[in-house]
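This note is written for a colleague who is new to the structure. Please keep the sequence and the model in view while reading the numbered points.

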Amino acid sequence: MLIVGLTGGIGSGKSTVARLFADKGIPIIDADIIARNITEVGEPALIAITEHFGIEVITKDGNLDRGKLRAIIFQKPTERQWLEQLLHPIIREKITQQLAVLSASNNKAPYCIVVIPLLLETEPYPFIDRVLVVDAPEHLQIARVGTRDQTIAAGAKAIVDTQLGRDERLKRADDVIVNDGTLADLVPQIDKLHNQYAKKVLH
């Protein structure tokens, strides 16, 4: 099975693109969902986060206050690095486990999509065969973040600045989906890549 790593900056439209692939019956593994799962109440990662950052990043009901944690790590790069060093190995292991389950199942999909927002910012994922970048201009990224989540809209520019630059991301892509228009503009791009991935006709 071909394994395609889907990435892109915040607000580029990764979730929308992943959903369009899923509509074609393609299995999706999402690192963001894994990250949420491993920081649920009682999980070792949440315990480590609480010990490191203190109870101020925990809500009254014991859940992770993601907004407060986000504010800390984007103001202090060393804290962001600490968090990434904690979470990324666990996320990588969980992805590997899900791929193994998928491989052992009766799923006949010719390829799968693994959504990893920081795919190009972290250590290489050796199981990724193709890097698919969802690309959008920075002003659209920031506007979309504001529409999607008002709580992080003010910090959207800071988040964009911590991620890999657009030019470098495109340089390292095997395939690119341009998401600077409407949903209808995405469909033919998805169709084209779906056919290439399914037939493994790759340039």
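1. The model under review is predicted.

2. Arg-80 takes part in a salt bridge with Glu-84, and the closest N and O atoms of the two are 3.8 Å apart. Glu-84, with a relative accessible area of 25%, is partly exposed. Both residues belong to helix 5 (residues 77–104), where a spacing of 4 residues, about one turn of the helix, separates them.

3. In total, how many salt bridges does the structure hold? The number is 6.

4. Another pair consists of Arg-166 and Asp-135, whose salt bridge has its closest N and O atoms 2.8 Å apart. Is Asp-135 buried or exposed? With 7% relative accessibility, Asp-135 counts as buried, whereas Arg-166, at 37% relative accessible area, is partly exposed.

5. A further salt bridge joins the side chains of Asp-191 and Lys-24, at 2.7 Å from N to O. This pair links distant parts of the chain, 167 residues apart: Asp-191 is in helix 10 (residues 183–199), and Lys-24 is in the loop between helix 1 (14–22) and strand 2 (28–30). Asp-191 counts as partly exposed at 28% relative accessibility, and Lys-24 counts as partly exposed at 34%.

6. Helix 1 and helix 10 also deserve attention as a pair. Their axes come within 10 Å and cross at roughly 55 degrees; the two helices are therefore oblique to each other. The crossing of helix 1 past helix 10 is right-handed.

7. Which residues make the contact between these two helices? Helix 1 contributes Thr-16, Val-17, Leu-20 and Phe-21. From helix 10 come Leu-183, Leu-186, Ile-190, Leu-193, His-194 and Tyr-197. By type, the residues of this contact comprise 8 nonpolar and 2 polar, with no charged residue.

Technical notes: Residues are numbered from 1 along each chain as its sequence is written. This is a predicted model: local features need pLDDT of at least 70, side-chain atom pairs count only at pLDDT 80 or more; totals for chains, interfaces and linings use all residues. Side-chain values use heavy atoms; hydrogens and water are left out. A salt bridge is a side-chain nitrogen of Lys or Arg within 4 Å of a carboxyl oxygen of Asp or Glu. Buried means under 20% relative accessible area, exposed over 50%, partly exposed in between (1.4 Å probe, protein chains only). Axes are lines fitted to C-alpha atoms, for helices over the stretch in contact, and angles run from 0 to 180 degrees between N-to-C directions. Angles under 35 degrees count as roughly parallel, over 145 as roughly antiparallel, 65 to 115 as roughly perpendicular and the rest as oblique. A crossing is left-handed if the near helix is turned anticlockwise from the far one by less than a right angle, and right-handed if clockwise. Contact means heavy atoms within 4.5 Å. Ala, Val, Leu, Ile, Met, Phe, Trp, Tyr, Cys and Pro count as nonpolar, Asp, Glu, Lys and Arg as charged, and the others, Gly among them, as polar.
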